[in-house]
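Good morning, colleagues. Please turn to the structure on the screen, and I shall then take you through some of its helices and charged pairs.

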Amino acid sequence: MPDALAEAGLSSPGGNVATLDHNAQGWADISAYLERYRTTLTDISAHGMTNWSGPGAEGFEARMRTLVHQAEQAERSTAAVAARQEQHARTHRMVVEIIIELAVQIAAVLAFYAAASLFPALLAWAQSWLAYLVTTGSRVLQALGKALDALVRFLIRARAWITKVGELTWKSSRFSIGYGRMAIEAARDVVVDLTANLVSRGLTGRQIDPEQLFISAGISGAVGGLVGGLEKSGVTKVLDNAGQPKIGADGLPSFVTFDKQARDLVNSVGTRSAPTPKPAPNPLLRNAQNAHRTARDLGVRGGPLEGPRLLGALTDARNLGRVERIRSSGAAAGVNRARATVADASITLRANESVAAATRKRAVDAASVADLYRAAGNTRRADAGLRDLADARMTAALAESGRAEASRAFARAQVDFDAAVRKAATARNDLGAAVAQTNLAAAREAAWRELVHARALARDQTTIGQQLAFMRANNAWATSFGSPKTWQETLFYDIPKDSFKGLANGAAKSAADWARGSGRPEDIWKDMLLNGATGAIRGGINSVASNTLFPSGGIEETLWKIGSKSLDNHVRWKIENAAYPIR
């Protein structure tokens, strides 16, 4: 027993059951010996006095009667001691067994509670460390990181989906019915009841009755669905500022749910305490978070081997920038030279065009003079004019050839200039890309150094509790936690609601047991009261923990309620067996 208690994390309450049993047997042996001694004395007195009389015989008989009486008293006393010792041993054994069972149940409850309340923090912590480890390039770690990201997205999407389905409502012009909430609560209570019963029975070694198991789950689902549907139903219309019913996009009025009406009513009771301001985040952890976000945006993971690689990339980018800067300067100089060549070719072309025009005019004038002398019949002057015409035409042809060559040179200069301009534009673009690459490499290397420094400071100068608390408040679940319940909501709404559900569940399940022949009709009211009491306690615990230790809605709430229901089932089973052991 002490070993079992130690495994459950508890110390032994003291005493030794085996020793108590041994002592009880010893006292029982003494009692039996005294009984045989008394019987022997009685036989001696009965058979030894037949032929003896007188004062001596009378004295001997009186003494024997005293011894027999004393032996009888001693026998009764030792028998009583033996019975007390045996009863004490049985009680001790039962107490230890109960403690062990409760320890196992409490451990299971705490496991479910931990799974529900630590999911956000632990998964965020695991994500951050996996993001650090996957930089080593291990495919296994990369796959694990992707799987964890997928799990996180699944949990968040599951909660969003459950919330969306829970808002589904059928409306008429007079009332609304929250069938989405009815379905969600029914399904959740079925899962909670089935799992809690299996856990409770499995940990205590009790036999599982499938029929009873599913009847219980069905009743829990029916009661939970009815209560959930009633909460999200309504008959009071929402009014606008003018006091008229507010009409939705479907053309039907909106209704105030019974759940909201009840919570508004109970919150009006007493003084509502001001919300506790959230403590300021640890500056070291905040700096580490900001550095992580900056590095993540730049594609930096912060691994130990990433720094030298980023520094090498920065060096390469700077070297490339220097090369591109030289190439861009050369291309710009080439543009200037090509521009000067175009200008020179243009001047040469204009000069050749002027000469060609002048020679063409001279040839035209010479042709006119020659025609004039020939018409006048002056042969000598006509011959001289023809010679001048031939010379002018040759000069014009040479000038035209020079103009054509100058035109071609100008065209080539323009082509070369355009090519130089394009080359310079390409060089400028390459230089801009090299500068941007250098700036990005410098930013990434600086982000890595800042992340490593900030993370080292945060890891060395904060506790693991502070880190978990910070991660819990600054991760994908941050927006999932709504406002905690007020004490009025817990005391006047959630506790009575779960107490009513317990009463209804207890009555229905007890009646079902009676119908199956495993219960008695006079135990129905006992089950009602017991289930109502434990339901009220469970409802108070769940209400206080909602949006404080776990986000309301989703898988985390289901895990939490499984833990509460498992302990609830075990405690009720113990009480039922002690009060009316029929199960």
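Is R188 buried or exposed? In this predicted model, R188 has a relative accessible area of 7%, so it counts as buried. Its salt-bridge partner is E185, with the closest N and O atoms 3.4 Å apart. E185 is buried as well, at 9% relative accessibility. Both residues belong to helix α5, where a separation of 3 residues places them about one turn apart.

K497 in helix α12 and E231 in helix α6 are 266 residues apart, yet their side chains form a salt bridge with an N to O distance of 3.2 Å. E231 has a relative accessible area of 5%, which means that it too is buried.

How do these two helices meet? The axes of α6, residues 210-231, and α12, residues 487-515, come within 10 Å and cross at roughly 145 degrees. This crossing is right-handed. Among the residues in contact are I215, I219 and V223 of α6, together with F500, A504 and A508 of α12. E231 and K497 also belong to this contact.

A further salt bridge joins R309 to E306, at 3.4 Å between the closest N and O atoms. This pair lies in helix α9, residues 306-376, and E306 is buried at 6% relative accessible area. As for shared partners, R181, E185, R188, E231 and K497 are joined by salt bridges into one network. The count of salt bridges comes to 22.

Finally, the surface. L168, W170, F175, I177, Y179, M182 and V235 form a nonpolar patch there, with about 600 Å² of accessible area together. Of these residues, M182 is located in helix α5 and is partly exposed, at 30% relative accessible area.

Conventions:
Residues numbered from 1 in each chain as written. Predicted model: local features only at pLDDT ≥ 70, side-chain atom pairs only at ≥ 80, totals over all residues. Heavy atoms only, no water. Patch = residues over 30% accessible without salt bridge, like charges linked within 9 Å, V, L, I, M, F, W, Y side chains within 5 Å. Areas by Shrake-Rupley, 256 points an atom, 1.4 Å probe, with all protein chains shown as cover. Salt bridge = Lys/Arg side-chain N within 4 Å of Asp/Glu carboxyl O. Helix = DSSP H or I, 4+ residues; strand = E, 2+ residues; numbered from the N terminus. Buried < 20%, exposed > 50% of the residue type's maximum accessible area, 1.4 Å probe, protein only. Axes fitted to C-alpha atoms, helices over the stretch in contact; angles between N-to-C directions. Left-handed = near helix turned anticlockwise from the far one by under 90°. Contact = heavy atoms within 4.5 Å.
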